[in-house]
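Colleague: Please take a close look at one part of this model, the nonpolar core and the strands around it. I would like one connected account.

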Amino acid sequence: MIKMNLTWVAVVFAMLLATRQALAEDVWFSSLDLSKITQGWGAPQKDLSVSKQPLAIGGQQFKKGVGTHATMNVYIRPNGAQRFRAQVGIDDNSGSTNEGSVVFQVIGDGRLLFTTPVMKPGDKSSPVDVALKGIRLLQLVVTDASDGFSFDHADWANAYFETSD
């Protein structure tokens, strides 16, 4: 009897988990209107680096994300999204192994919610995990780390908005 009840509990749990996953439709950053992004060089790229190569940071490749270039700025209304998550860094295909430096920032309603240290070519990606509860206007920023924007190919890899708790 206990074994049968545990089986039913497992089945119900699996059904609830599947329902939650079906209802939760996370939104990829790359699915948004990229024409709203301003940046210092080139055009933002959906699921590619700014130089139209596969996204790669610190030797790791990513299938989803947005390839940009410092200085970069975009405003997004989270519309109830609970979190913003990403892996950020300088793209391995920036064209230089020692030039380029960026700082990634996430700003919510004018408050700094996340910042990286200065990132250089070859650095491993830095994880972004920002709670968005109550945030009405989100700003994603890439600065040139105050040394010019040469080779500042900045990737927002695996970037998405989590829409469920």
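Modeller: A nonpolar core is a set of buried Ala, Val, Leu, Ile, Met, Phe, Trp, Tyr and Cys residues joined through side-chain atoms within 4.5 Å. Buried means under 20% relative accessible area, exposed over 50%, and partly exposed in between, with a 1.4 Å probe and protein chains only. This is a predicted model, in which local features need pLDDT of at least 70 and side-chain atom pairs count only at pLDDT 80 or more, while totals for chains, interfaces and linings use all residues. Residues are numbered from 1 along each chain as its sequence is written, and side-chain values use heavy atoms, with hydrogens and water left out.

The largest nonpolar core holds 29 residues, and Phe29, Phe84, Val106, Leu140 and Trp156 have the most contacts inside it. At least two residues of this core come from each of strands E7 (72–76), E8 (83–90), E9 (103–108), E11 (126–131), E12 (138–143) and E13 (153–162). Strands (E, at least two residues) are DSSP runs numbered from the N terminus.

Two strands pair if DSSP finds at least two bridges between them. E8 pairs with E11 in the antiparallel sense over 6 bridges, and Phe84 has Val130 in E11 as its bridge partner. E8 also pairs with E13, again antiparallel, over 7 bridges; here Arg83 stands opposite Glu162.

Next, the loop between E12 and E13. Ala145 is found there, and its phi is near 55 degrees, a positive value in a residue other than glycine. Phe151 lies in that loop too, with phi near 65 degrees, also positive. Phe151 is partly exposed, at a relative accessible area of 28%.

Notes: Helices (H or I, at least four residues) and strands (E, at least two) are DSSP runs, numbered from the N terminus.
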